[in-house]
Amino acid sequence: SAGVVIALIFGFLAGMVAPRIYTEASQGGIHSIQDLITVITGEGGLRLTQRQVPYELEVSYSDIVLDEARQEKKLIILSQNATVPYEAKKAGLFGWSIYAQKKYMVLHGVGTYSVDLGQITSQDIVIHRDTKTIDLYIPEPELSVEYLPEDTEFFDSQNGLLRFGEMQITPEMMAELETIGKDKIRQNFESDDKSLSTARKFASLSVKELFETVLTKKVDAALKEADDALAVPVYLDINVIVGEKAPEEDRSEEHTSELQSLA
């Protein structure tokens with residue numbers, strides 16, 4: 001009878017359709033066999049039609065992140081001014097302290113923190129498709145300093161007992177100040193825990209914004225190219241982890257997950 005034939009057909013197709021149902025369920029859209037297969041009876045007998053269902057658009061997220069990282073290379077994330085007091089001393093005549101002289105000054109400079117995105121490899125990108133997130137591990141912010149000699153402030157000298165007048169700053173002393181200034185400004189930043197903490201926070205926010213913007217544009221472009229009403233775009237959130245490397249188990253998960261998604 002027709003009922004028996006239909007039952008046999010459904011039994012035969014169940015094994016064929018089950019992987020498709022599992023895939024849809026794992027992606028959040030659960031479909032039954034009745035959703036996917038329609039049996040139509042008529043004068044011509046039985047006819048099977050498969051309904052179209054939405055599917056997640058495939059995008060190579062790791063490649064997108066790596067390409068952008070190579071293009072950006074060093075990303076400047078934070079610049080701060082620094083003001084450092086300094087006391088320069090000049091030996092007195094014959095080395096006697098009564099001839100000694102001091103010069104008080106304030107050194108000015110700029111500290112700039114950047115992140116070398118060129119160090120990012122595929123091992124630093126962990127994709128979690130179940131939660132639709134990416135863990136991105138980036139290196140610590142790097143500090144570079146600049147001394148601004150034209151902004152240096154000089155104050156009156158403390159003269160020795162038999163020494164009068166203002167101490168003159170020679171070209172040799174200015175050259176020495178260039179080296180001293182950079183060193184003092186770097187020490188100022190490196191000894192400030194708040195400065196590094198702020199740099200790490202800015203690094204996380206800046207990198208997150210950069211790559212989420214890039215991923216969104218790439219997914220939108222892929223959706224437009226697919227030109228399919230059933231294609232569902234997937235926008236992944238990025239979690240940025242500063243100064244750490246991805247755990248071994250997560251690295252394995254990333255590669256396995258990526259390969260499974262492409263299978």
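**View 1. Strands β6 and β7 run antiparallel, joined by four bridges.** This is a predicted model, where local features need pLDDT of at least 70 and side-chain atom pairs count only at pLDDT 80 or more, while totals for chains, interfaces and linings use all residues. Residues are numbered from 1 along each chain as its sequence is written, and side-chain values use heavy atoms, with hydrogens and water left out. Strands are DSSP runs of E with at least two residues, helices are runs of H or I with at least four, and both are numbered from the N terminus; two strands pair if DSSP finds at least two bridges between them. Four residues sit between the strands of this hairpin, and Lys-132 takes a positive phi near 55°.

**View 2. His-128 sits in strand β6 (residues 125-128).** His-128 counts as buried because its relative accessibility is 12% (buried is under 20% relative accessible area, exposed over 50%, partly exposed in between, with a 1.4 Å probe and protein chains only). Its bridge partner in β7 is Thr-133.

**View 3. Lys-74 and Glu-142 meet in a salt bridge, 3.0 Å from N to O.** The pair ties strand β4 (residues 74-90) to strand β8 (residues 142-147), 68 residues apart. A salt bridge here is a side-chain nitrogen of Lys or Arg within 4 Å of a carboxyl oxygen of Asp or Glu, and that rule gives seven of them.

**View 4. Arg-186 forms a salt bridge with Glu-190, with the closest N and O atoms 3.6 Å apart.** They're four residues apart in helix α4 (residues 171-190), so about one helical turn separates them. Arg-186 is partly exposed at 28%, whereas Glu-190 is exposed at 53%.
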